[in-house]
Structure formats: C-alpha cells, structure tokens
Amino acid sequence: MYVYGSVGWYVILMNIQERIFHISSEEEFNQSALELFHYQVENNPVYSEYVLLTGRENPRNYREIPFLPIEFFKSKKILTENDNFEVLFKSSGTTAQTRSLHYVKEKQLYIESFTRTFKHFFGDPKECVILALLPNYVEQGNSSLVFMVDHLIRETENSISRFILDEPDSIVDLYHLGLSQKKKVIIFGVSYALLELAEKQIDLSKAFIIETGGMKGRRSEITKEELHQILKTGLGVYQIYSEYGMTELLSQGYSMKDQIFETPPWMRILCRDMNDPFGILEDDKTGGINVIDLANIYSCPFISTQDLGKTYGNQFKIMGRFDQADIRGCNLMVE
C-alpha cells in the first residue's frame, strides 16, 4: 500500500490530471489506474472500506482492481478527502426510485473528458449544429447528460443549436437551417422522444442521431435492435448512434456502427463473471460490465455496474441488465 500524505498525493494527482487525457499505451493506462487505486484506498472512506472487506489491497494490474458496486452511489457519499465539490449530478428515475448522487469535485475534469471524447468521435463542435430532445432529463434536473449537451451546444457558437422541449416539430426547420450553413447536424435524443419523432415519418437522412437511453416509463421497453430499426425507417437515416454514459461516470462511450461501443483512451470496459464478482472474463463472453474511468479521480474510477455485456478488445456491446436492476438512463434496454 502506498502512503504519500496530503502533499505527496497532491503532486501525484496533478501529474495524473495532466496525463490521463494523453494516454497512448496499455502501460500508461495501467500505471495511472494503479496510482488512482492507491489514492482511493487512502483517501476515499467508502471505497477503502470496500477494498479492505474484499481483501484485495495489492492489485498487480488494473484487471485485478476491486470494482465498487454502483448501488453505493445511492446510499453513500462517494468522494475523496473532504466534503468540497463543485457540482452534484443525480440519476434519472421512472418512479420514486432513489436517485444515484455523483459529487463532482472538479467539473472541469468532466468538461475536458466529454469535450475530448465528442471531438474524437464527431469532430469540432464549432462545425456542428447540436439539437437535444431530452425532456425528461431537463425536467428532473441535476442531469450530467444535460450539463454535457448544454456545454456542447454553447461550444457550437451557433444560434440554431438548442434544447427542444415543447415544439419537437421545429426540429425539421432547424435541421434544414443547419444543413444550409453546411454544418454537421447532431441530434441527441432519449429513446421515447426519438420514437415519437420517427412516428411522424420525417426525413432527417443527413443528421447524426445519437440515442441516449431508454423509455423512462413512457413506453414499453423494446430491444435495441427494434428501436434502431424503427428510428432508421421513420427518420430516413442509415445509421443510429448511441451514447453509453451514466451519472456515476465522467466519461462516455459511443457506438458508431452495429451497436459496438468504443471508449476514449482513459476509459476501459471489463466483463466480470456473473458467479464471481472478482473474476474477469475473456472477450466475447457475457458478463457484468465493470468500468474504469480515470477521469473519476475524486469519486471512484472503478465501478461495477448492473449492465450485461461482452468485450471485443477495446470495444464492447451491451446485452441488457441484471434481473431486478433499476431501469435507468444508462443507454441500454432489457433484451
């Protein structure tokens, strides 16, 4: 176990913050992950207690690090060092569910993470018009997704970009305005809002449609394949993109084709054995999704989710959720 003291950890954390968004190798990722593990054990009371209970205090590489069950974000304050934080995000919910809370110590880490990721997959926001159909997230408040999309909208520096709440039909006019300016039109939308749009049989064939999650209790859940086929037919697009993100993370994955997700270099997805929470599976085997998000420096970078999936090298696919898991805004549907 590493013991550096507050001054020593401050120097190490500043170094980690400077380099995590420039990781270019497995070795660099592994080094940062292990350093953050030891920082968490020494400075995060909840994670430290969990690790001690597991008896796994000295992992040799990031695949051996214990992953904190995501349910703890509903009952515990997951934060290192002290109670200071800049923003609080809350998960979405369909009824009176207890919402997960993510205390974000430095919101600039989140901004840098999602901005770099967006640029990697979709290009410079200034070359885009961004429209958002996210009514339930806006209504519930404290949404990390709304925070992200709002920032990206402002980054476009274009008056066409906006949230669309009460007049979804206006999206067609805004779409054509964006195309007339030779901009890439990107539409973020929750599944049920996109379905309502698709039922109108409108042509958005040159838009990038990014669906961000499930029905939120507004409609019956359907498979991802069914959803995407309906959207492609109703909106006249060849491809539907997806975002894999959640309140408890500061980074996202995107599927650009065939529902296979990719992540930025500072994020890793591992699948755990459903009968052994500490057993990590090989590729192409269905298991529980574990996430390493190095941008989560001050909450917890190592999270065991309720999602089911498969990995394929540095890519992954979501297969569904564990039984009894809450239906939440984590961009998947029970299959």
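For this tour, Ala, Val, Leu, Ile, Met, Phe, Trp, Tyr, Cys and Pro count as nonpolar, Asp, Glu, Lys and Arg as charged, and the others, Gly among them, as polar. You're looking at a predicted model, where local features need pLDDT of at least 70 and side-chain atom pairs count only at pLDDT 80 or more, while totals for chains, interfaces and linings use all residues. Residues are numbered from 1 along each chain as its sequence is written, and side-chain values use heavy atoms, with hydrogens and water left out.

**Stop one: the largest pocket.** Select Met 267, Arg 268, Gly 313, Asn 314 and Gln 315, the closest to the pocket's centre of its 25 lining residues. Now colour the lining by class: 11 nonpolar, 8 polar and 6 charged residues. Next, show β11, which gives the most to this lining, with 5 residues.

**Stop two: Phe 188.** Select strand β6 (residues 184–189) and pick out Phe 188. Is Phe 188 buried or exposed? Buried, because its relative accessibility is 0% (buried means under 20% relative accessible area, exposed over 50%, partly exposed in between, with a 1.4 Å probe and protein chains only). Then jump to Glu 282, which is 94 residues from Phe 188 in sequence and 33 Å away in space, C-alpha to C-alpha.

**Stop three: two loops.** Go to Lys 182, in the loop between α8 (170–180) and β6. Lys 182 isn't a glycine, yet has a positive phi of about 60°; it's exposed, at 75% relative accessible area. Finish on Asp 284, between β12 (276–280) and β13 (287–293): another non-glycine, with a positive phi of about 65°, and partly exposed at 46%. Helices (H or I, at least four residues) and strands (E, at least two) are DSSP runs, numbered from the N terminus.

Key
On a 1 Å grid over the protein atoms alone, a cavity is a set of points where a 1.4 Å probe fits but cannot get out, and a pocket is an open set with protein on both sides within 12 Å along at least five of seven lines; lining residues have an atom within 4 Å of a point.
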